[in-house]
Amino acid sequence: MVLIHILCSSPSQANSIVDFLIDEKLMLNALVSSKMLHKRLKNGQNESLEQTLIMGTTKALLFNKIKKRIKKRFLENLPSIYAMPIIYMDEHQNLELQTKTLKV
């Protein structure tokens with residue numbers, strides 16, 4: 001199991017991504033947090049961007065499928081996607097994730 005993080009350029013993009021990931025049973029229990037400040041170094045200058053963060057639980061084996069589907073649908077303003085392993089999860093939540101997401 002992993003906690004997937006997707007950094008989007010706008011709340012509307014985040015909502016679109018969450019809707020199709022949940023509809024296609026690729027993610028469970030999405031959390032969307034807007035107005036996050038993303039700072040990075042670009043061309044030797046500090047840059048600040050407002051971004052929207054999606055966090056949701058999924059199976060580790062679905063990560064590549066999620067990444068491919070997002071890349072296919074959002075050619076412009078491609079969001080950053082990464083995942084962190086879930087070391088422990090309540091057994092009932094684990095069972096729900098196993099049964100309510102796409103079979104691998």
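This is a predicted model: local features need pLDDT of at least 70, side-chain atom pairs count only at pLDDT 80 or more; totals for chains, interfaces and linings use all residues.
**Entry 1: ground rules**

Residues are numbered from 1 along each chain as its sequence is written, and side-chain values use heavy atoms, with hydrogens and water left out.

**Entry 2: the whole protein**

I counted 3 helices and 4 strands in the protein. Reading from the N terminus, I wrote down the order of elements as β-α-β-β-α-β-α. I looked up the extent of the C-alpha trace too, and along the principal axes it spans about 45 × 30 × 20 Å.

How much of the protein counts as buried? I found 32% of the 104 residues in that class, where buried means under 20% relative accessible area, exposed over 50%, and partly exposed in between (1.4 Å probe, protein chains only). Next I looked at contacts, meaning heavy atoms within 4.5 Å. Among those with a separation of 6 or more, 72% join residues 24 or more positions apart.

**Entry 3: helix H1**

I checked the length of H1, residues 11-23. Its 13 residues should span 18 Å at 1.5 Å a residue, and the end C-alpha atoms are 18 Å apart, so the two agree. The expected span is 1.5 Å times one less than the number of residues.

Which residues of H1 are buried? I listed Gln13, Ala14, Ile17, Val18, Phe20 and Leu21. The buried residues of H1 pack against strands E1 (2-8), E2 (28-42) and E3 (45-58), and also against helix H2 (63-73).

**Entry 4: H1 meets H2**

I learned that two packed helices are described by the angle between their axes and the distance between the axes. For H1 and H2, the axes come within 11 Å and cross at roughly 135°. These axes are lines fitted to C-alpha atoms, for helices over the stretch in contact, with angles from 0 to 180 degrees between N-to-C directions. H1 and H2 are therefore oblique to each other; under 35 degrees counts as roughly parallel, over 145 as roughly antiparallel, 65 to 115 as roughly perpendicular and the rest as oblique.

Which residues meet here? From H1 I noted Ile17, Phe20 and Leu21, and from H2 I noted Ile66, Arg69, Ile70 and Arg73. By class, this contact of H1 with H2 has 5 nonpolar, no polar and 2 charged residues. In that scheme Ala, Val, Leu, Ile, Met, Phe, Trp, Tyr, Cys and Pro are nonpolar, Asp, Glu, Lys and Arg are charged, and the others, Gly among them, are polar.

I then followed the chain into the loop between H1 and E2, where Glu24 lies. Glu24 counts as partly exposed because its relative accessibility is 30%. Not counting residues up to four places away in sequence, Glu24 touches Arg69, Arg73 and Leu102. Arg69 and Arg73 were already in my notes, as H2 residues that meet H1. I also looked up Lys65, which is 41 residues from Glu24 along the chain, and their C-alpha atoms are separated by 11 Å.

Lys25 lies in the loop between H1 and E2 as well. Its phi is near 60°, a positive value in a residue other than glycine. Lys25 is partly exposed, with a relative accessible area of 48%.

I found another such case at Asn77, whose phi is near 55°, positive in a residue other than glycine. Asn77 is in the loop between H2 and strand E4 (80-85), and at 52% relative accessibility Asn77 counts as exposed.

Ala30 lies in strand E2 and is partly exposed, at 30% relative accessibility. Leaving aside neighbours within four places in sequence, I found Ala30 in contact with Val18, Ile22, Met55 and Gly56. Ala30 and Ile54 are 24 residues apart in sequence, yet 6.6 Å apart in space, C-alpha to C-alpha.

Arg40 is in strand E2 too. At 34% relative accessibility, Arg40 counts as partly exposed. With neighbours within four places left out again, Arg40 is in contact with Gln45, Asn46, Glu47 and Leu49.

Beyond its neighbours within four places in sequence, the contacts of Thr57 include Val2, Leu3, Met27, Leu28 and Ile86.

How values were computed: Helices (H or I, at least four residues) and strands (E, at least two) are DSSP runs, numbered from the N terminus.
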